[in-house]
Amino acid sequence: MPELDPGQSMSVPWALQMKGVSADDPSRLVQTLTGAILGCGGWVLSRGANDTGIINMLFEFERRTCVDIYSIVIGSGVELSPGGHIRFTELCQCTRSHPHDCGAEIASVDLEIQTYPREVAGHSISLRLS
């Protein structure tokens, strides 16, 4: 990490809160996301699922890997809210614009995922498409 001049202040890290939905089994999804985040060099700080199928994950990663992290979240079957997509896109575009200045900075994601049984999720999707 680059050293700061005494007059320079530390920038506020990216701390993203987002929600999503998924039709996957909660325990399988937690395992898949955890492995993928760790595989990209990230850190899973906390994770868990409750009886209603809500998954909560808190994880961090170096900003230089933000596109990979965004891809694995979507690729694992999580449908992010529009706000979640916007925040991840902003992070990726900002990081791409200044890779040498901020690539090593840490981003944090607090992700809440509501899971649904496949039959309910399939019915919801077919209603949305018609």
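## The nonpolar core

Of the 25 residues in the largest nonpolar core, the ones that touch the most other members are Phe59, Phe61, Leu80, Phe88, Leu91, Val109 and Leu111. Helix H2 gives the most to this core, with five residues, and S1, H1, S3, H2, H3 and S5 each supply at least two. A nonpolar core here is a set of buried Ala, Val, Leu, Ile, Met, Phe, Trp, Tyr and Cys residues joined through side-chain atoms within 4.5 Å. Buried means under 20% relative accessible area, exposed means over 50%, and partly exposed lies in between (1.4 Å probe, protein chains only). In soluble globular proteins, nonpolar side chains tend to be buried together.

What does leucine 111 touch, leaving aside its neighbours within four places in sequence? Leucine 111 is in contact with Met18, Lys19, Ile55, Asn56, Met57, Phe59, Val73 and Leu80, where contact means heavy atoms within 4.5 Å.

## About the model

This is a predicted model, in which local features need pLDDT of at least 70 and side-chain atom pairs count only at pLDDT 80 or more, while totals for chains, interfaces and linings use all residues. Residues are numbered from 1 along each chain as its sequence is written, and side-chain values use heavy atoms, with hydrogens and water left out.

## The chain as a whole

The protein chain has five helices and five strands, running β-α-β-β-α-β-α-α-β-α from the N terminus on. Helices (H or I, at least four residues) and strands (E, at least two) are DSSP runs, numbered from the N terminus.

Of the 130 residues, 33% count as buried. Among contacts with a separation of 6 or more, 72% come from residues 24 or more positions apart. The accessible surface is about 8000 Å², and 56% of that belongs to carbon and sulfur atoms; these areas come from the Shrake-Rupley method with a 1.4 Å probe, and for residues only the protein chains shown count as cover.

## A closer look at helix H2

Helix H2 covers residues 66-75, and its buried residues are Cys66, Ile69, Tyr70, Ile72 and Val73. They cover an arc of only 165° around the axis, which puts them on the same side of H2; the arc is that of the directions from the helix axis to the C-beta atoms. An α-helix has 3.6 residues a turn, so residues three or four places apart point the same way.

What do these buried residues pack against? Their partners are helix H1 (26-39), strand S3 (54-62), strand S4 (79-80), helix H3 (82-97) and strand S5 (106-115). After H2 comes glycine 77, with a positive phi near 100°.

## Salt bridges

The whole structure holds five salt bridges, each a side-chain nitrogen of Lys or Arg within 4 Å of a carboxyl oxygen of Asp or Glu. One of them joins glutamate 112 and lysine 19 (4.0 Å, N to O). This pair links distant parts of the chain, since glutamate 112 lies in strand S5 and lysine 19 in strand S1 (residues 14-22), 93 residues apart. Glutamate 112 is partly exposed, at 30% relative accessible area, whereas lysine 19 is exposed, at 51%.

Glutamate 105 and arginine 63 also form a salt bridge, their closest N and O atoms being 2.8 Å apart. Glutamate 105 sits in the loop between helix H4 (99-102) and S5, and arginine 63 in the loop between S3 and H2, 42 residues apart. Is arginine 63 buried or exposed? With 2% relative accessibility, arginine 63 counts as buried.
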